Amino acid sequence: MQLFDKITVIIPTHERHKYLERGLNYYSGATFRIIVGDSTKTAFSNQNKLKNIEYYHMPNIPFVEKLNKLFKKVETPYTVVCADDDFITLTGLFESVKFLDENEDYVC
């Protein structure tokens, strides 16, 4: 199993589709699973740009409830929550997963 097959990135968003699109473009070369939870009234129009993205339109769902629903969809051993206006470097993700795999006493 490749290191990026072990990680899911969750991106919650609300009323910030420009930030979401920018983030998804940033991750366009990545192979890890990305789950987007969008509580905006209108669904994101460019949701099918990447093959490794699962987009869930969840209008008017409160933030904590949205995260709970998204976490239930995770099937990988590692998960990262990344705000729609933040970026996680691919090198940082790779090194984090590698470290956690090699040091089972650590949990985060």
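Student: Which members touch the most others in the largest nonpolar core?

Tutor: The core has 21 residues, and Ile-7, Val-9, Ile-11, Leu-24, Phe-32, Ile-34 and Val-36 touch the most other members. This is a predicted model: local features need pLDDT of at least 70, side-chain atom pairs need 80 or more, and totals for chains, interfaces and linings use all residues. Numbering runs from 1 along each chain as its sequence is written, and side-chain values use heavy atoms, without hydrogens or water.

Student: What makes it a nonpolar core?

Tutor: Its members are buried Ala, Val, Leu, Ile, Met, Phe, Trp, Tyr or Cys, joined through side-chain atoms within 4.5 Å. Buried means under 20% relative accessible area; exposed means over 50%, and partly exposed is in between (1.4 Å probe, protein chains only). β1, α1, β2, β3, β4 and α3 (90–102) each give two or more residues to this core. A second, separate core of six residues includes Ile-10, Ile-35, Leu-67 and Val-74.

Student: What does Phe-32 contact, leaving aside neighbours within four places in sequence?

Tutor: Phe-4, Ile-7, Val-9, Tyr-27, Asn-52, Leu-90 and Leu-93. Contact means heavy atoms within 4.5 Å.

Student: Why do the buried residues of α2 line one face?

Tutor: Lys-66, Leu-67 and Leu-70 are buried in α2 (residues 63–71). Seen down the helix axis, they fall within an arc of 100°, so they line one face. The arc is taken from the directions from axis to C-beta atoms. What covers them includes β1 (7–13), β2 (33–38), β3 (53–57) and β4 (78–81).

Student: What about α1, and which strands do its buried residues pack against?

Tutor: Leu-20, Gly-23 and Leu-24 are buried in α1. Their arc is also within 100°, so they line one face too. They pack against β1, β2 and β3.

Student: Why is a space called a cavity?

Tutor: On a 1 Å grid over the protein atoms alone, a 1.4 Å probe fits there but cannot get out; lining residues have an atom within 4 Å of a point. The search finds one cavity of 30 Å³ or more. Helix α1 (residues 17–26) gives the most to its lining, with four residues. Ile-11, Cys-82 and Asp-84 are among the lining residues.

Student: How do you know whether Asn-60 is buried or exposed?

Tutor: Its relative accessible area is 57%, so Asn-60 is exposed. Asn-60 lies in the loop between β3 and α2.

Student: What makes the phi of Asn-60 worth a look?

Tutor: Phi is near 65°, a positive value in a residue other than glycine. Most residues other than glycine have a negative phi. Glu-15, in the loop between β1 and α1, has a positive phi near 60°.

How values were computed: On a 1 Å grid over the protein atoms alone, a cavity is a set of points where a 1.4 Å probe fits but cannot get out, and a pocket is an open set with protein on both sides within 12 Å along at least five of seven lines; lining residues have an atom within 4 Å of a point. Grid points are joined across faces, edges and corners, and a volume is the space filled by probe spheres set on the points.
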